[in-house]
Amino acid sequence: MIAGLTGGIATGKSTVAARLRTLGATVVDADEVSREVVAPGTVALQSIRKAFGDGILHVDGRLNREALGNIVRVDSAARKQLESITHHHIRAEIAKRVQDAVIAGAPSVFVEASTERYADDLVGQDMSDRQYAARVLRRRVRTAWRIAGRNGETLQTVEARQSLATFDALVAPR
């Protein structure tokens, strides 16, 4: 079984993924993959540097996510350019990891991402507005819009993705 794990930002998808791992499932984390494809020395990071300049790098050559975020948050053309650089690398690596897990005989594979393209079914993680607000505050984020804006998501895109999910919730967040 290959299933996508979907849900809004700060709804506990990582908590669900951790629980699934303890139950023996293979979990492919798109956030982890997105960090790895822009590691120092990668083609994606070299392309980002070429497009946005040296100011998006730390002194040690790692991507300065805050500096790059400051650019793409206010410039939709820059965000689209960044996405055109990174998305195919991320998708290819996710597909490879899913394929590797299936070949290795993993009984279940969950992809923690916007996963309609990789999965046979979607599992949605959600929570009450009160739980959500508490999680956002614990993360010390000034506003929920900043969370959504950082990932280019709006409430409408989160709700549309969740409407495709097979289940409303899998594991209640703590």
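Of the 174 residues in the protein chain, 39% are buried (under 20% relative accessible area, with exposed meaning over 50% and partly exposed lying in between; 1.4 Å probe, protein chains only). The structure is a predicted model, in which local features need pLDDT of at least 70 and side-chain atom pairs count only at pLDDT 80 or more, while totals for chains, interfaces and linings use all residues. Residues are numbered from 1 along each chain as its sequence is written, and side-chain values use heavy atoms, with hydrogens and water left out.

The protein chain contains eight helices and four strands (DSSP runs numbered from the N terminus, with H or I of at least four residues for helices and E of at least two for strands). Followed along the sequence, these elements give the pattern β-α-β-α-α-α-α-β-β-α-α-α. Among the contacts in the protein chain with a separation of 6 or more, 72% come from residues 24 or more positions apart; contact here means heavy atoms within 4.5 Å. The accessible surface of the protein chain is about 10500 Å², and carbon and sulfur atoms hold 52% of that surface (Shrake-Rupley method with a 1.4 Å probe; for residues, only the protein chains shown count as cover).

The axes of helix H3 (residues 43-52) and helix H5 (residues 76-103) come within 9 Å and cross at roughly 165°. Axes are lines fitted to C-alpha atoms, for helices over the stretch in contact, and the angles run from 0 to 180 degrees between N-to-C directions. The crossing of H3 past H5 is right-handed, a term for a near helix turned clockwise from the far one by less than a right angle, with left-handed used for anticlockwise. On the H3 side, Val43, Ala44, Ser47, Ile48, Ala51 and Phe52 take part, and they meet Ala78, Gln81, Leu82, Ile85, Thr86 and His89 in H5. Sorted by class, this contact of H3 with H5 has eight nonpolar, four polar and no charged residues (nonpolar: Ala, Val, Leu, Ile, Met, Phe, Trp, Tyr, Cys and Pro; charged: Asp, Glu, Lys and Arg; polar: the others, Gly among them).

Thr86, one of the H5 residues in this contact, is buried, with a relative accessible area of 9%. Leaving aside residues up to four places away in sequence, Thr86 touches Val38 and Ile48.

Helix H4 (residues 65-72) also packs on H5, at an angle of about 130° and with the axes 7 Å apart. H4 and H5 are therefore oblique to each other. Leu68, Ile71 and Val72 in H4 meet Ala78, Arg79 and Leu82 in H5. The contact of H4 with H5 comprises five nonpolar residues, no polar ones and one charged.

Two further residues lie in elements earlier in the sequence. Gly4 belongs to strand S1 (residues 2-7) and is buried at 0% relative accessibility. Gly4 and Val28 stand 24 residues apart in sequence, with 9.4 Å between their C-alpha atoms. Arg21, in helix H1 (residues 13-22), is partly exposed at 39% relative accessibility. Not counting residues up to four places away in sequence, Arg21 touches Val27 and Asp29. Arg21 and Val109 are separated by 88 residues in sequence and by 9.7 Å in space, C-alpha to C-alpha.

Terms used: Angles under 35 degrees count as roughly parallel, over 145 as roughly antiparallel, 65 to 115 as roughly perpendicular and the rest as oblique.
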